[in-house]
Amino acid sequence: MAALLASAGMLACSATVIEVEPATGDTDADVLLGNPGTLVPPTVTVDGAPGLLAIEPLIAFMDACVGDAGLVGPCHCAADRIEGSLTVIDLEVFEDRMSGALEFSPELAAALVDCREAEPPPEWSDAQRQTYLDACSAGSDRMRSLCACSLARAQEVIPAHRLNEFLASNEVQPGIVDFLNLCL
């Protein structure tokens, strides 16, 4: 009988609804979030331009995404959307996924669908092509023809506005060597 009463008491307690009135006041959280009682998300400061992917995961994504020349436009468009829409914390998660196993996030899949009709970006300028060729061949005439061959793939994978950052990085995968391997 005691067990039956205890069970009935627990059932009655679990069915009780407790209503909590939202806090009132004109706090910044109320105005920013439109949801009184919600904590303001932490602000994170990052050195450099906010909202840009690090060059390594960006190139890894572009290389995995482009695959063949038919996806150059959609992949560049999706990368631009991801960089422009994700928070700094979201970008860190995205970078971890990309560097760990080239895992595409749901946000990226949605961006690719939205970008399916996007045209390829404008080709690199003559100065950008020359910068790439100089960095690739490092003054070797023997490497010049291989580097010229690899230029087409590099233009598909490296956004023009990030070329200098790509060439300055020592950890970029795929690097220039990977582009050269396509030409051997």
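1. Helices α4 and α8 (141-157) each supply at least two residues of the lining of the largest pocket. Helices here are DSSP runs of H or I of at least four residues, and strands are runs of E of at least two, numbered from the N terminus. A pocket is found on a 1 Å grid over the protein atoms alone, as an open set of points where a 1.4 Å probe fits, with protein on both sides within 12 Å along at least five of seven lines; lining residues have an atom within 4 Å of a point.

2. This is a predicted model, in which local features need pLDDT of at least 70 and side-chain atom pairs count only at pLDDT 80 or more, while totals for chains, interfaces and linings use all residues. Residues are numbered from 1 along each chain as its sequence is written, and side-chain values use heavy atoms, with hydrogens and water left out.

3. The largest pocket has a volume of about 270 Å³, the volume being the space filled by probe spheres set on the points. Of its 18 lining residues, the closest to the centre are His-76, Pro-121, Pro-122, Glu-123 and Gln-155. α4 gives the most to this lining, with five residues.

4. Of its 184 residues, 32% count as buried (under 20% relative accessible area; exposed is over 50%, partly exposed in between, with a 1.4 Å probe and protein chains only).

5. Helix α3 (residues 55-66) and helix α4 (residues 72-85) have axes that come within 9 Å and cross at roughly 150°. The axes are lines fitted to C-alpha atoms over the stretch in contact, and angles run from 0 to 180 degrees between N-to-C directions. On the α3 side the contact (heavy atoms within 4.5 Å) is made by Leu-58, Phe-61, Met-62, Cys-65 and Val-66. On the α4 side the residues are Val-72, Cys-75, His-76, Ala-78, Ala-79 and Glu-83.

6. Is Ser-150 buried or exposed? Ser-150 counts as buried, because its relative accessibility is 1%. Ser-150 is in helix α8. Leaving aside neighbours within four places in sequence, Ser-150 is in contact with Tyr-132, Cys-136, Phe-179, Leu-180 and Cys-183.

7. Val-177 lies in helix α10 (residues 176-181) and counts as exposed, because its relative accessibility is 56%. Val-177 and Cys-136 are 41 residues apart in sequence and 8.5 Å apart in space, C-alpha to C-alpha.
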